[in-house]
Amino acid sequence: MQQYQSSAFLQKYLVRKPFELIRILGNTSPIYPQKLHKQINVTYSHIFNIIKLLEAHNIITTRKSGRVRNLRLTIKGKAILDHIEGIYTNFSKLDRATAP
C-alpha cells in the first residue's frame with residue numbers, strides 16, 4: 001500500500017474506516033472480516049456495520065466459503081478506490097509543496 005504524507009485534511013476527512021476498508025480491499029482482495037477488523041483497528045461488530053453499508057451501496061460483495069465470508073470490491077468499488085487514491089495523491093503533493 002502506498003504511503004502518504006500526514007496531512008491534517010487527510011487525517012480529519014479521508015482516513016475514515018470505510019475508506020480504509022476500501023483501500024485495503026483494493027490491495028489485498030479477497031479478505032475476510034476478522035482480518036480486516038484487526039487491520040483497521042475497530043471492533044468486530046463495527047466492521048460488520050461498515051460491510052453492510054458498503055454492500056448496500058454495491059461497493060463490495062461478500063461470498064461465503066464454508067464458515068468464512070470473503071470480501072472483494074465490485075467494479076463500482078474499484079472506481080471509488082481510484083478516486084480515493086487520486087485524492088490522497090493530490091493532497092500528498094500539496095503537503096510536499098507547502099512543507100517548510
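This is a predicted model: local features need pLDDT of at least 70, side-chain atom pairs count only at pLDDT 80 or more; totals for chains, interfaces and linings use all residues.
**View 1. Helix α2 and its packing partners.** Helix α2 comprises 12 residues, 17–28. From its first C-alpha to its last it reaches 16 Å, close to the 16 Å expected at 1.5 Å a residue. Glu20, Leu21, Ile22, Arg23, Ile24 and Leu25 of α2 are buried. The buried residues of this helix pack against α3 (33–40), α4 (44–56), β1, β2 and α5.

**View 2. The hairpin of β1 and β2.** Strand β1 (residues 60–65) and strand β2 (residues 68–73) run antiparallel and are joined by six bridges. Ile60 has Leu73 in β2 as its bridge partner. Two residues lie between the strands of the hairpin, in which Gly66 takes a positive phi near 70°.

**View 3. The aromatic pair in helix α4.** The structure holds one aromatic pair. It is formed by Tyr44 and Phe48, whose ring centres are 5.1 Å apart; the ring planes lie at 80°, over the 60 degrees required, so the pair counts as edge-to-face. The two residues are separated by about one helical turn because they are four residues apart in α4. An α-helix has 3.6 residues a turn, so residues three or four places apart point the same way. Tyr44 counts as partly exposed, with a relative accessibility of 40%.

**View 4. Ile75 in helix α5.** Ile75 is located in helix α5, which spans residues 75–98. Its relative accessibility is 76%, over the 50% cut-off, and Ile75 therefore counts as exposed. Ile59 is 16 residues from Ile75 in sequence, and the C-alpha atoms of Ile59 and Ile75 are 7.6 Å apart in space.

Definitions and conventions:
Residues are numbered from 1 along each chain as its sequence is written. Side-chain values use heavy atoms; hydrogens and water are left out. Buried means under 20% relative accessible area, exposed over 50%, partly exposed in between (1.4 Å probe, protein chains only). Two strands pair if DSSP finds at least two bridges between them. The expected span of a helix is 1.5 Å times one less than its number of residues. Contact means heavy atoms within 4.5 Å. Rings of Phe, Tyr and Trp (its six-membered ring) pair if their centres lie within 6.5 Å; planes under 30 degrees apart count as stacked, over 60 as edge-to-face and the rest as tilted.
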